[in-house]
Amino acid sequence: MKRILFLAASVAMAASSSALAADAVEIIPEAPIAVEMPAPFSWSGPYIGVHGGYGWGDGEALGEDSSFDGGRFGAFAGYNWQVSDGFVAGIEGDLNYDWNDDDFAPGFSAETGFSGGIRARAGFAFDRALLYAAGGWTATNVSVDTPAGDDDDTLNGWTIGAGLDYAFTDNMFGRAEYRYNDYGSGDVLGADVDFTQHVFQVGLGVKF
């Protein structure tokens, strides 16, 4: 009798082990789901935009010192190259119109209008924020009106400044920038004319 009970227990244990082994085979762990990471933002590529602001200018025309302060509106376009460690280099051109004029004597007035330049840029990107410095060539047109006649000249000089670009989306960015312009000197009605300017402006651009 004991032998029969021992054989029955052995058969039951063997059957239970087989069932557990079958269940273990059927339970296959699922493979982990791959999560696609977004590509890091890059400032490389061409861009265009518009900007506006205010300029504080100091000039000398016909021996008189004048303040040429006024609003500004313009457009810019450029190209950036972003390399390792967030360093960004680029080149940018701009065309602007300045509403700067002054009556420096009875019957005598001077004003600046169109201006523009080409600048090299260099900076560091912190993801979607780009801090940069820029400098290069700039020029503006100065005209003088007097009772004896009118004249104008294009002044050529240099510009330097710094700013912050921030990308709101992958294609659209905002800008805040300070710029110092030294337009050099020119000749108007046989007299030397020179003009320097501090500009603060904000802009909106599209990156391609």
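Select E92, D94, R119, R121, D165, R175, E177 and R179, which are linked in a network of salt bridges, a salt bridge being a side-chain nitrogen of Lys or Arg within 4 Å of a carboxyl oxygen of Asp or Glu. The model is predicted, so that local features need pLDDT of at least 70 and side-chain atom pairs count only at pLDDT 80 or more, while totals for chains, interfaces and linings use all residues. Residues are numbered from 1 along each chain as its sequence is written, and side-chain values use heavy atoms, with hydrogens and water left out.

R179 counts as buried at 2% relative accessibility, and D94 does so at 8%, where buried means under 20% relative accessible area, exposed over 50%, and partly exposed in between (1.4 Å probe, protein chains only).

Next, select R72 and D98, whose side chains meet in a salt bridge (2.7 Å, N to O). Because R72 lies in strand β2 (residues 64-82) and D98 in strand β3 (residues 87-105), the pair ties together parts that are 26 residues apart in sequence. R72 is buried at 4% relative accessibility, and D98 is buried with a relative accessible area of 2%. Over the whole structure, a search finds 10 salt bridges.

Now turn to the largest nonpolar core, which has 11 residues, including F68, F104, L155, Y183 and F195; such a core is a set of buried Ala, Val, Leu, Ile, Met, Phe, Trp, Tyr and Cys residues joined through side-chain atoms within 4.5 Å. The elements that give two or more residues to this core are β5 (129-146), β7 and β8 (191-207). Apart from it lies another core, of 9 residues, among them Y47, F76, V88 and A167.

Finally, show the surface and select D58, E60, E64, D65, D69, D187, D192 and D194, which gather in a patch of negative charge. Patches are made of residues with over 30% relative accessible area and no salt bridge, with like charges joined within 9 Å. Strand β2 gives the most to the negative patch, with 3 residues. D69 has its place in that strand and is partly exposed, with a relative accessible area of 33%.

Conventions
Helices (H or I, at least four residues) and strands (E, at least two) are DSSP runs, numbered from the N terminus. Patches are made of residues with over 30% relative accessible area and no salt bridge: like charges are joined within 9 Å, nonpolar side chains (Val, Leu, Ile, Met, Phe, Trp, Tyr) within 5 Å. Accessible areas come from the Shrake-Rupley method with a 1.4 Å probe; for residues, only the protein chains shown count as cover. Lys and Arg count as positive and Asp and Glu as negative; His and the chain ends are not counted. The place of a charge is taken as NZ of Lys, CZ of Arg, CG of Asp or CD of Glu.
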